[in-house]
Amino acid sequence: MNQNLWKLGAQLRDIWNQLGNAQRLSVLCATFVLLAGLGTLAFWSSRADYSLLYGRLSDGEAAKVIAALDDAKVPYKVGAGGGSILVPSEKVHLMRMQLAGRGIPRGEGVGFEIFDKPNFGISDFVQRANYVRAVQGELGRTISQLDEVESARVMIVLPENRLLLDKDKYATASVFVRVRGNSQLQPQSINSIRFLVANSVEGLKPNHVTLIDNLGNVLSENSDNDSLSGLTSTQLAARRNLEQYLANKAQDMLEKVLGPGQSIVRVSAEVNYDTVTKSEEKFDPDGQVLRTQTKTDDTTDATTANSSSSAGISANTSTETNAAPSGATPLNTTKNKKAVTTVQYEIGNSSSKTVQTAGGIKRLSASVTVAAQVQGTGADRKVVNRSPEEIEKLRRIVASAIGIQTGTDNPRGDLITLEELAFNDQLATTVTQEFDLQQKHELWWGIARGALYPGLALVALLVLLRLFKRTPVEEIQLGVPVGRLMAAQKAAGNGHGFGAESWGGEPAPGIVSVDVLNRLIKENPVNMTQAIREWMDKGRGAKS
C-alpha cells in the first residue's frame, strides 16, 4: 500500500511539473476555495446554537445565574450590557427549571417568598415589616414588566394601627423607576402605575402616590382633588386639553388646503367652572282644582213636660193618642236642624330645578397665521399675497371648525384673527439641503460598499485571465511517455513547448496542441483514458 501511495505521489508530482504557471495558479485557487469551504462548514456544524436564558437582569442577579451555570458546567455567553445570558438551545428549558428550583433569579427586592420559611417567635412588628417588604418587592417586579421601565423600586409608608384614628395620618407611597434610554414615561403609563400601587395597598389613594424617574423628574403631582391646588391643576389641564383639541381641528383642515407647515393655529378658551343649582316654584291662582268637599246635616228634636203635673206613667208618656186632661198644662216640644258644608281647593303650581355643571365655554379666541404664497426659486423668489376673498374663506373655515360665533349672532363675544405672513423658512431650507446631501452620500457609500467585494472578485478574475493569456500554448506529443516528455523538455531548453525534432534528431511523429487534446478527450473519453494510462505505464517502465 505504501508503494502504491508512493507511485500516486510520483504521478501527481510529474503532472504538477508538466503544468504551466496559469494552470498551477488555477489549481491552487481551487484548492484554497475547497479547503476554506470545508473549514467553514466544519466550523458552523460544530458551533452550538445559543438561545436566551434570561434577559434584563441586574448585575447581582446575573452574577447568581452565572455562578449556577458554572456549578452545572454549562457553557454560556453574556449579551451586550451584561443583562442577558445565553446558553445552548437544548439546555434552555432544563436550566430554567433547575434555576427556578433554587430561587434564581428573584428579581429586585424580596417578594412574598419571604413567608415561605416558617418563622416562629417573631413579633407583630417584624411580621408587619416583612409584609410591607413583600408588597414593595412584588409591586417593583410588576412595574418592571412594563416595556418602558427597566427597573423599579417601591417604598410604602403605612400609619400605625391605633384604637383612635388620626385623620391627618394616611398611607403614602413613593415609586422610583429607571426608564429605558433617555425617554420619559407617557401620562397613561404614569396613571397606570399610580393606580396599580394604590389598589394594592389598603387605604392608599392614587393622589398619595409619588412617581420619580432616574433623571430626577417628578412625574406625578401629590395634590387632592378637593383642595385648591388640586382644582387649579385640574382646571388648567382641562383648559389646555380643550385648547389643543380645537387648535388641532383647525390645523388639520388648513393643512389639507394649504399643505403641511403652511399654517399656525392657536386657540384661547375661557371656561366656566362654576356649578349652579337653580330651583323655581310658581303658583297659579286662576288654576284652582277641587281638592275635598265635606257636607254635614245636624237635626235635633227636644220635648219638655210641665213641671206641675204629677209623676206617673201619664207624665212620662208623650203620645199623640194621649189626651191631655182638661185644665192641665201642655208639653213643650223643640226641633233644631243645622247643615254645614266645607269645600277645599288646591292652587296650581309648577316647580323646576336646573343644575348647570362646570365646563361650559364662556368665550373663544383664535389666532391664525397662514404662510404667504411664494413664486420662483433662489434670488427670483417673490411673495404673492392672497386675495381678500381667499382670506375670508379661510377665516370662515377656521371659525366653523372650532365653533366660533361670528357676525351679529355673537353673544359670547368670540374673536378670530387670520393674517397672511411670509414664514422664515431659511433654516428649514438649509436643513433640508443638508439632509438631502447626507442622503446622497449615504446612498453612494452604500453602493460603493456593496460593489466592493464584487469589484475585488472581478479584478481577481481579470488578473487570472491575463495570466492565462500570457501563458503560451503547450504542445504535447501523443504516445510519448511522461518521463521521455520531461527529458525532451529539458533537452529542448524550454519548459513549455517542443521542437520538431525532440528525440535525438528524429522527427516527431505528430504534434498535438492542448486544445486538440481537450477536444479528443471530450469526443472519446474512454479511449483517451486508456491511452494516457498506457503512456504513463511506459514512462514508469523506461525509468526502471
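Let's start with helix H9. Its face turned away from the buried side carries two exposed residues, Glu389 and Ser400. Exposed means over 50% relative accessible area, buried under 20%, and partly exposed in between, with a 1.4 Å probe and protein chains only. This is a predicted model, where local features need pLDDT of at least 70, side-chain atom pairs count only at pLDDT 80 or more, and totals for chains, interfaces and linings use all residues. Residues are numbered from 1 along each chain as its sequence is written, and side-chain values use heavy atoms, without hydrogens and water.

Now the other side. Buried in H9 are Ile391, Leu394, Val398, Ala399, Ala401 and Ile402. They sit on the same side of H9 because their arc around the axis is only 165°, taken from the directions from the helix axis to the C-beta atoms.

H9 covers residues 388–402. Helices are DSSP runs (H or I, at least four residues), strands likewise (E, at least two), numbered from the N terminus.

Next, the strands. E1 (residues 50–54) and E3 (residues 85–88) run antiparallel, joined by four bridges. Leucine 52 has leucine 86 in E3 as its bridge partner. E3 also pairs with E2 (residues 77–78), again antiparallel, over two bridges. Pairing takes at least two bridges found by DSSP. Which residue in E3 stands opposite valine 78? Isoleucine 85 does.

One last stop: leucine 5, which lies in helix H1 (residues 2–18).

Notes
Expected span 1.5 Å × (residues − 1).
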